[in-house]
Every structure is written in C-alpha cells, then in structure tokens.
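Here are my notes on this model, as numbered points. Please read them with the structure open.

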Amino acid sequence: MAKKQYSLHAHQQAGRLWQDDYWLLLMQQYLRQPVGIKPVYSRQMVELSLELHITPQELHQRMGEIARLRIPRIERIWQEYSQNPRRLSRAVQLLRSMKGFNSGGNFFEGVDVQETFERDFRPLSEDPRLTPIMLTMVLDLYFRLTPITMVGETPEVQELGRLMRIPTSLVVDILSVFQHCDPYLRRRDKSESALLAPCQKIWQQYGNGDARELADYAEQLKAYFKS
C-alpha cells in the first residue's frame, strides 16, 4: 500500500536528519503534563515534527527511547534536566536561537531537505481552511456513510465538523466531491469544485487501500484536533 511505502521513505529521511541535540526538544515534550509518551499526532508532536522535518512516527519512536532510558545520551540529559524544567527550557531556547536552526542552515548543512509528510499539514491553496489530513478524515467518514446520509443533518457529519472546527456545510461539500472520485457511483455530472483535484489525490492515496488502515490513521489524527 502507498502509505507503507511512504512511511519507509520518511523513516529513512528522518534517520539522516536526526541530531543528538534534538533529544532536548523531544524531552521537553515528554515532560509536559501529563508526563509521558504523547500521541503520535498530538498538535505539539506535529509542530515539533514540522520544525525538525522528521515524521511524527519517528519522533514517537524516539520518545519511547526516553521512556526506556537505555541510551547513555538520554540518561545524561534526564539526570541533568528532568527535575529542572527551567534549565531545560533555557537549553531549548538556546538551541532554537542557533543560526540555521529549522531553516536549512548549519543544522541541515549538506542535507537536502525535501518536504514530504509536511504537506499533509499545510493549508490547501484551493481552500486555506483545509489541509490534506482533514480531507483524509472526511474520506474515512465517507466510507462509513451512504450517499443519502452525506448531509448536514447526519450526526457524524456534524461531529467531524466540530472536531476540525469547520462548518458542517464544508464537510458535506467535501463528501460530495468524493462522490465524484468514487468509481463505483459512476456519477455522470461533473464537479466544478476547486477541491476536486486535492480530493482526487487523497482518493488515489487511500481510496483503494485497506479501509481499516485508513480508519486507524483517521482515529490517530483526531489527537491533532483535540490538543
């Protein structure tokens, strides 16, 4: 499935970009209340992921290493900072102030940073209220409904709109566009929506795959909107 191929590529890219100083940033997230491993797609994890150009999955795995305390470097950082969050905050601020951090300078010297997963969290040019991950969540809902229930009165449609903080009518519009992407419906009318192209891209990525994997992914993405 395309999603698995993407994850492998992202994992390889993350391995090239990781630097030991990043443990400070990740530990700061780990120590935020409630202390512990954060959900893969919590907003804080995603924001750090976008900052470092390292996938949320990779950061989540490395956060597990913090919990296990088996790496000498992590043990030293834990001993120095775990009981002194102010000292950790100052160290993180210093790290972020370094020239080139998160901008392709010293930190990424000699590394070709090409955005891949980052685009999934960027606003769409066709409608800045939306991102590809939001379209993905609507597609998951699409497979749970029938065309007759893809209306604003359906509780699931309303609930998703509230979760993503967009009008219910917009969720309905996206569901309608996905109907034009669905080869089984064979709709003869053409969609004039500007969202057709991005919806087609999401359909190509997930529409013909395992619906259970899509449902699991969409469920994890909810953490981003709840945090």
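1. Start with the helix α7. P132, I133, M134, L135, T136, M137, V138, L139, D140, L141 and Y142 are buried there. The model is a predicted one, so please word any text about it accordingly.

2. Now the chain as a whole. It holds eleven helices and zero strands. From the N terminus on, the order of elements is α-α-α-α-α-α-α-α-α-α-α. Of the 227 residues, 47% are buried.

3. Contacts and surface. Take contacts between residues at least 6 apart in sequence: 64% of them join residues at least 24 apart. The accessible surface is about 12,700 Å². Carbon and sulfur atoms account for 48% of that surface.

4. K38 is buried, yet has no salt bridge. Which side chain of opposite charge is nearest to K38? That is E47, 13 Å away; a salt bridge would need a side-chain nitrogen within 4 Å of a carboxyl oxygen.

5. What does the K38 side chain meet instead? The backbone oxygen of Q29 lies 3.0 Å from a polar atom of the K38 side chain. Leaving out residues up to four places away in sequence, K38 touches Q29, Y30, L31, R32, M45, H60 and M63.

Note on methods
Residues numbered from 1 in each chain as written. Predicted model: local features only at pLDDT ≥ 70, side-chain atom pairs only at ≥ 80, totals over all residues. Heavy atoms only, no water. Buried < 20%, exposed > 50% of the residue type's maximum accessible area, 1.4 Å probe, protein only. Helix = DSSP H or I, 4+ residues; strand = E, 2+ residues; numbered from the N terminus. Lys, Arg positive; Asp, Glu negative; His and termini not counted. Polar contact = N/O pair within 3.5 Å; in protein donor to acceptor, adjacent residues only side chain to side chain. Contact = heavy atoms within 4.5 Å. Areas by Shrake-Rupley, 256 points an atom, 1.4 Å probe, with all protein chains shown as cover.
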